[in-house]
Amino acid sequence: MLTPWDEFLCHQLPTTMDHVYTSDPSWTERVYISLYDVTNKDMIVGCGIGQYPNRNVQDGFATVWHQGKQHNFRASRTLRPNPYDIKIGPLSIEILEGLRRFRMRLDENPSGISFDIEWTATMNPHEEEHDFRRSNGRVVQDISRFDQVGRARGQLRIPGKQVAMTESNWWSHRDRSWGTRRPLRTDSAASNQTKFAPFLFSWSVAQFADYALHWRFVERKAGRYSYFTGEIARPLGTKIEPGWILERTEQEFRWETSGVVQTLKSGDIDLFFENGESRHVSFVSHPPRWHLKGGGYGGYRGWQQGDSRGEYYCEHEVWDLNDPAILREASTLSDHLIEWRCGNDTGFGIMEYGVGPGYYKYKDIQHLPTF
């Protein structure tokens with residue numbers, strides 16, 4: 001079908017822009033944002049919208065973690081006849097200036113969460129290494145992705161609290177991904193849960209005053225990665241310097257061993273770059289930590305991302321994460337607020353992390369849920 005996209009000189013296929021190169025139902029395009037209060041260190045927000053052209057679905061979420069409770073809103077709609085709108089009921093994202101600014105809104109809805117936020121980039125984006133994987137001869141992952149840090153301003157409301165967000169207090173990052181994606185199934189209601197080989201996973205964003213550090217890796221054994229990407233990003237518009245691509249990392253993580261889910265306390269990481277330079281970063285974690293299952297990652301109580309829920313559907317709940325049973329069910333990936341130190345520089349960002357059974361280190365926490 002023709003859409004306004006087809007006016008632009010950007011076609012890659014001899015078909016209209018609402019189609020992709022494959023009919024694989026796992027093909028996904030996603031916008032993903034995390035925002036965090038670095039002054040009070042008591043709140044973190046997650047938001048995202050995913051599009052599945054071969055399933056005719058667009059779905060999305062907004063979550064807010066505050067003082068141990070996570071407020072979740074999830075929504076879904078039929079994609080066509082308007083695949084060009086990044087909008088599901090009250091939830092929308094509007095691109096104001098490519099790679100620089102966008103607006104995210106959640107209008108009044110039954111969850112009690114609402115916001116109107118403008119996001120502005122501070123650093124150049126990091127274009128990740130292409131993620132391509134086959135399993136038993138079949139392509140199961142073929143994804144492009146970029147990450148970018150920024151600041152946020154606007155208004156946010158949850159039941160009982162209204163927040164004026166300023167760029168000095170609210171730091172942020174976002175990612176954009178598209179391609180064939182291996183499904184993550186961690187819902188206890190799913191009969192075909194995802195199985196993992198031993199791993200250490202870390203996706204980290206560290207934003208400082210005049211640079212940002214990005215890395216994402218899956219390490220299977222010491223120094224052996226199934227996926228690795230990383231870079232130093234410079235202020236927006238600065239010419240990209242050669243050689244600042246990350247080659248490897250070495251890390252020592254310290255864990256909270258008395259909890260019911262895997263929880264990082266602190267750690268040290270050495271980053272080694274192509275140009276021979278290295279950087280040592282240390283970190284401590286703060287309580288804000290939004291659990292991605294609230295946005296549907298891994299599935300939640302029978303609903304997987306990309307599932308058709310009809311013309312429009314939404315649901316919402318509040319998790320009291322002080323309840324161990326709720327925390328265990330919520331635990332999959334999480335964006336955990338991190339305070340970083342690199343030399344004399346202090347910054348903020350997040351880390352998503354996890355350790356799988358059989359990995360050669362951190363054996364005392366491998367029995368706890370993460371993926």
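The second largest cavity in this predicted model has a volume of about 80 Å³. A cavity is here a set of points on a 1 Å grid over the protein atoms alone where a 1.4 Å probe fits but cannot get out, and lining residues have an atom within 4 Å of a point. Grid points are joined across faces, edges and corners, and the volume is the space filled by probe spheres set on the points. The model is predicted, so local features need pLDDT of at least 70 and side-chain atom pairs count only at pLDDT 80 or more, while totals for chains, interfaces and linings use all residues. Residues are numbered from 1 along each chain as its sequence is written, and side-chain values use heavy atoms, with hydrogens and water left out.

The lining of the second largest cavity consists of Asn 124, Pro 125, Glu 231, Ile 232, Ala 233, Arg 234, Ile 240, Glu 241 and Trp 244. By class, this lining has 5 nonpolar, 1 polar and 3 charged residues, where Ala, Val, Leu, Ile, Met, Phe, Trp, Tyr, Cys and Pro count as nonpolar, Asp, Glu, Lys and Arg as charged, and the others, Gly among them, as polar. Arg 234 also lies over the face of Trp 244, at 5.5 Å from the ring centre; a charge sits over a ring if NZ of Lys or CZ of Arg is within 6 Å of the ring centre and within 35 degrees of the ring normal.

Of the 15 residues lining the largest cavity, Asp 59, Gly 295, Gly 296, Trp 303 and Gln 305 are the closest to its centre. Strands S2 (43-52), S3 (57-66) and S4 (69-78) each give two or more residues to this lining, strands being DSSP runs (E, at least two residues) numbered from the N terminus. The most comes from S2, with 4 residues. The lining of the largest cavity comprises 5 nonpolar, 7 polar and 3 charged residues. Over the ring of Trp 303 sits the charged end of Arg 309, 4.7 Å from the ring centre.

The structure holds 25 salt bridges, each defined as a side-chain nitrogen of Lys or Arg within 4 Å of a carboxyl oxygen of Asp or Glu. In one of these, the closest N and O atoms of Arg 80 and Asp 18 are 3.3 Å apart. This pair links distant parts of the chain, 62 residues apart: Arg 80 is in the loop between S4 and strand S5 (87-88), and Asp 18 in the segment before strand S1 (27-37). Asp 18 is buried at 5% relative accessibility, whereas Arg 80 is partly exposed at 23% (buried means under 20% relative accessible area, exposed over 50%, partly exposed in between, with a 1.4 Å probe and protein chains only).

Arg 254 forms a salt bridge with Asp 268, with closest N and O atoms 2.8 Å apart. Arg 254 belongs to strand S17 (residues 246-255) and Asp 268 to strand S18 (residues 264-273). A network of salt bridges links Glu 97, Arg 100, Arg 101, Glu 118, Arg 153 and Glu 167.

The count of aromatic pairs comes to 25, rings of Phe, Tyr and Trp (its six-membered ring) being paired if their centres lie within 6.5 Å. One aromatic cluster is formed by Trp 215, Phe 253, Trp 255, Phe 283, Trp 340, Tyr 353, Tyr 359, Tyr 360 and Tyr 362.

Conventions:
On a 1 Å grid over the protein atoms alone, a cavity is a set of points where a 1.4 Å probe fits but cannot get out, and a pocket is an open set with protein on both sides within 12 Å along at least five of seven lines; lining residues have an atom within 4 Å of a point. Rings of Phe, Tyr and Trp (its six-membered ring) pair if their centres lie within 6.5 Å; planes under 30 degrees apart count as stacked, over 60 as edge-to-face and the rest as tilted.
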